[in-house]
Amino acid sequence: MNRRVAARGRGVGSVLGAILIVGYALLPVLWVLSLSFKQGDDINNHAFWPTAWTLENYRTVFKTPLFTSALRNSIGISLIATVLSIALATFAAYAIARLKFRGKKLVLAMALAIAMFPVVSLVGPLFNIWRSIGLYDTWPGLIIPYMSFTLPLSIWVLSAFFREIPWELEQAAQMDGATPWQAFRKVIVPLAAPGVFTAAILTFFFAWNDFVFGISLTSTDGARPVPAALAFFTGASQFQQPAAAISAAAVVVTVPVVVLVLLFQRKIVAGLTSGAVKG
Amino acid sequence: MAPMTTTLRRWYGRPRPATARARAVPVTDRALHERRLGWELTAPAFVVMLLVTAYPMLNAVWLSLFSYRITDPAGREFVGLRNYAVVLTDALWWRDVWTTVLITVVTVAVELVIGMAFAMVMNRIVFGRRWVRTSILIPYGIVTVVSAFAWRYAFSLDTGFVNGWFGLGDLAWFSHHGTSLFAICMSEIWKTTPFMSLLLLAGLAQVPEELQEAARMDGATWRQRLFRVTLPNMKGAIMVAVLFRTLDAYRVFDSVFVMTNGAQETETVSFLAYRQMIGRTALGLGSAVSVLLFLSVVFIAAAFIKAFKVDLSQARGER
């Protein structure tokens, strides 16, 4: 009887805990959402919700070139960096997981080192180098650093997934006369696709989130991504409160994150903790 | 990071009969082909990783030996280690180090406690599991700058609701040192606790249920089970999560930039490096700060691995 009471107590406790977690995760998001619908005096009403809802702030940000060009830059740069990083990581992870060659440890050690690297240490030298070779304030100028800093994560996630693949199939294909390259392309790539997808989502999050490179290596609308643009945003006129407009812009850049999380929750958790279950 | 470390263990721990055989017999065409393919497949990733980290870092070491401002290229002059002397004898550097250490210690400690609590809840719940995990991933995925703005507007005097909710009158959060740091820590903690808790959840799932059951049979209280059974059994996962979060927290930049812009003595080491190089374009001095920042991260990592004997082969999760 004692145990049943304890079990019921645990049930109530975990439901309360669950509500607490959801509240914790969503409160600041709801706050930005609410602020983005406020206008006029509501912005300073010191209350959580607006008294009158408006879409005016969204109209403002989509009419502001600073934001629309930044949105275009962010989408383009993040997608290209993700595709390139995943392509390179797939090759490397396959080799690390499957082939025997010297230098494997070196690649893994370097990936570990880069994951711990203080990004800001690099912006000065990169700023200098990029300026001298013409990459400053361009898309490739951001795509290249995003690739370097997402490769370690992608390589680990992918090699973890690659270990789960039934490799007998590859051997079977090689028995049937396929070269290692053909076996990789025709047999393994389709099987590895879910892992590749997971790594791609995590890589996209990184590129989408970046701020340090975004403000240091750009100077105009030509390449500046949204997080950097948000920091420069001042509202439609200098007399207008930028808070609500910035919130609207913030909501817009949060939409892709929420969509990806809603669709691929299971994959993201698996990617973040991959290797943990098998040990 | 999880996959990597599991990979590391596999490589180091795996017996290698194949290598022994390869040494006995002459290298076959097939082995040669495999080796070459291995290099060809890893080379592009290797080069890209090296190009944007190792070369600029060496460049920073080189630049740090000069007195050099972009606005005055003609005045460039070799000064040896004088830039380091300037930085290390400046009170500003030590104040920024202190601020950074304070933010790091506070956020990681709080994240560890909240993250552990969240992990235990997520480990238990049956109903709504999907919704809880989905919502906890939103702070993880959200842009740090957005999080910083959300908390800034929540605390700020003109737009904020926090003072109203907690009856704090017109407390100007961003006009004082302590309250500014508090707001920055809130933003950082909110954004990164989900990551911590997912790593801890993975570690928690590995604690054998039989151990818990046995402890319960022996009449252990909840607290005893937590501190004597659960935590010791997931020590590896905890240590690795703390190590990677510490290194990440030490680089704090985005929140400081958005919330205070370094005002009220909230400047961190990363922010100082950025301000010297990009703001003041003092590449020599800024590079010295960058190199010192890099060295302190290396020092923290080494100290952690040495002091807590963090077994990286136990690592779970990533940054």
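Helix α3 of chain B, residues 29-63, gives the most to the side of chain B that touches chain A, bringing 23 residues. Sorted by class, that side of chain B has 70 nonpolar residues, along with 18 polar and 17 charged ones. As for the head count, 105 residues of chain B and 108 residues of chain A take part in the contact.

What about specific pairings across the interface? The rule turns up 0 salt bridges between chain B and chain A. Polar contacts do show up there, with 14 residue pairs found across the interface of chain B and chain A, both partners being at pLDDT 80 or more.

Over all chains, the salt-bridge count comes to 9. One to look at sits in chain A, where E56(A) pairs with R59(A) and the closest N and O atoms are 3.0 Å apart. Both residues belong to helix α2 of chain A (residues 56-63), and because they are 3 residues apart in that helix, about one helical turn separates E56(A) from R59(A).

Over in chain B, strand β1 (residues 66-69) and strand β2 (residues 72-78) run antiparallel and are joined by 3 bridges.

Two loop residues of chain B have backbone angles worth a look. Most residues other than glycine have a negative phi. N261(B), however, has a positive phi near 55 degrees without being a glycine; this residue lies in the loop between α13 (254-259) and α14 (269-279) of chain B. T281(B), also a residue other than glycine, has a positive phi near 50 degrees, and its place is the loop between α14 and α15 (283-307) of chain B.

Chain A has a mean pLDDT of 85, with 91% of its residues reaching 70 or more. Its residues 275-279 have a pLDDT below 50, and this stretch of chain A has 11 contacts in the model beyond near neighbours in sequence. Chain B averages a pLDDT of 84, and 88% of its residues score at least 70. In chain B, the pLDDT is below 50 over residues 1-23, a stretch with 45 contacts beyond near neighbours in sequence. Residues 313-319 of chain B also have a pLDDT below 50, and they have 34 such contacts in the model, again beyond near neighbours in sequence. Where pLDDT is low, the predicted coordinates should not be read in detail.

Conventions:
Residues numbered from 1 in each chain as written. Chains lettered and ligands numbered in written order. Predicted model: local features only at pLDDT ≥ 70, side-chain atom pairs only at ≥ 80, totals over all residues. Heavy atoms only, no water. Pairing = 2+ DSSP bridges. Helix = DSSP H or I, 4+ residues; strand = E, 2+ residues; numbered from the N terminus. Contact = heavy atoms within 4.5 Å. Salt bridge = Lys/Arg side-chain N within 4 Å of Asp/Glu carboxyl O. Polar contact = N/O pair within 3.5 Å; in protein donor to acceptor, adjacent residues only side chain to side chain. Nonpolar A, V, L, I, M, F, W, Y, C, P; charged D, E, K, R; others polar. pLDDT = per-residue confidence, 0-100.
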